[in-house]
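Please look over the sequence and the structure first.

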Amino acid sequence: MNGFQLYFRLIQISLLSRMQYRANFIASILGLIVWNIVNLGLIGVLVAQFTSLNNWTLWELVFLYCLWILGHSLYSLFFSQARELEGYLIEGAFDQFLLRPASPLIQLLGRELQYIEIADMLIGLTGISLAYTQLGLHWNGWKWAFFLIAILSGAIIELAINLLIACSAFWTGRSRASFIIMSQFYGLVHQYPVDIFGNAFRVIVTGVIPVAFMNYYPALMLLDKLDRAGSGWWLGYMSPVVALLLVGIVSAVWRQALKRYTSSGS
Amino acid sequence: MKIFWSFTRQAFQFIVAYRFDFFMEFVLAVVRMYGIYWVWRILYTQKPGAFGVDLVQMTTYGVMGMALEMFIWSRPQWYMASQVKSGAIDTDLMKPLDFHLYMLARSTGEMLIGAGVLGLPALLVAYIFLGVQFPPDVLAGLLFVLSLVLGFLLLFHLNFLLGSLAIVALDIRHISWAYFSVVRFLGGQIVPLWLFPPFVAIIAEVLPFKGTYYIPISIYIGRLAGADALNALGFQAIWLVALVALSRVLWGMAHRRLVVQGG
């Protein structure tokens, strides 16, 4: 079995065990839909009263929101276990990954399929299609390709950032708190265009934890708003580069982390 | 009163044990206040003084919405859900103390500590860096505090009702997402009710949620004053009485059909 086959086998097993609880399945999907509708509703109310948010119209904001969601749902559907690494480390359960003759990373990520993310994906696709028609967009083949690459890059960026934070648990023993803070940055970038915030925030989400490449910069390119970024217009094309860069960093860190791993015992 | 005090002490010990996590929660609150502050500033460049509220009042409203979370938020529902799940709820029920009162005491203790350790420092940041203003006069300040206490009690009972649901549904995690977002929306934590489109405003005006954030903060910024403020306090009080009654009834029903898992 190669890595991919193993991953999908593990996912299949977890999905079967999850489908036993059907009421929970439905409740969770409904919960997620309500959550997203309320978020979009808040943006809708604001823009309805003030016509635009820093020259972002309602449907452009919907596009921004849904572009983030598509990347996020792709990440979350397959790789959300990255966040759970801390628990395995604390309990010493990480040892079992090392004992088996397969990549520990694949064993970790294959623990579970976050099936409810299907709901996110549907909301994202619906929102993007609506925005596409409402904004009267006509993309050529190259823009469609970039759109797909942007979603994929978004998923990889979130995975890489979360894995880096999770890896910090190898050194500090805990990563939960960093995830809580991170979720706030994700939340702000997800819902609002980065250019409404102060410079410090923009620098952080561009250069330090590059969340803005999940939706803001590719959206500038896809919505023909690159002039808003001024001399930084080229950032609109950078999402795939940032994603690749992060993959390089995270694989180096992961190797280092495994090398220095000492079990918590027990 | 002694009960409340002992739970406060317990909550304090918990916080000391998890110092780092609490510091992170504080950072989190600051990021959120910063975010909403900019949203309103940018929106107001297009319509200064929209709806008879000036920019400083509006950013005060937004930042307070985030800061007050630590003064009124309680989580009896999580405690109840986890106790039901583990089966440990039977030991709670054996205690010589009414369960509803026990939850209230526990939540109050946690809130007092959370407000002291996270809320007050967050407010300090808001006053110094985000230009949050004080209430227009002393009376507004006093009414605000009263309204905030009612808001805490309202939200506690809403959460308690959700927790009672845990006994029937066993898993409330997913229902909670929908619940939280509805409270935030209809409670006016982020966007005040006066900006709602009419058909949503009609619903939000009669439901208890607006008593959590919208009424206290509106009194704070002086949007609700005089007779309006008193009416709003009355609204909170009436809903509180109704929710207390509902909590007693529903908890009684849930209690009777309580299934303790395993053992």
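The notes below cover the pocket, then the salt bridges.

This is a predicted model, where local features need pLDDT of at least 70, side-chain atom pairs count only at pLDDT 80 or more, and totals for chains, interfaces and linings use all residues. Residues are numbered from 1 along each chain as written, chains are lettered from A and ligands numbered from 1 in written order, and side-chain values use heavy atoms, without hydrogens and water.

**Pocket**
- The second largest pocket has a volume of about 620 Å³.
- Its lining counts 23 residues, with A:Phe79, A:Leu105, A:Leu109, A:Leu159 and A:Leu163 nearest the centre.
- A pocket is an open set of points on a 1 Å grid over the protein atoms alone where a 1.4 Å probe fits, with protein on both sides within 12 Å along at least five of seven lines; lining residues have an atom within 4 Å of a point.
- The volume is the space filled by probe spheres set on the points, which are joined across faces, edges and corners.

**Salt bridges** (Lys or Arg side-chain nitrogen within 4 Å of an Asp or Glu carboxyl oxygen)
- A:Asp195 pairs with A:Arg228, the closest N and O atoms being 3.1 Å apart.
- This pair joins two loops of chain A, so it ties together parts 33 residues apart in sequence.
- A:Asp195 is buried (under 20% relative accessible area) at 11%.
- B:Glu205 and B:Lys210 meet at 2.7 Å, N to O.

Technical notes: Helices (H or I, at least four residues) and strands (E, at least two) are DSSP runs, numbered from the N terminus. Buried means under 20% relative accessible area, exposed over 50%, partly exposed in between (1.4 Å probe, protein chains only).
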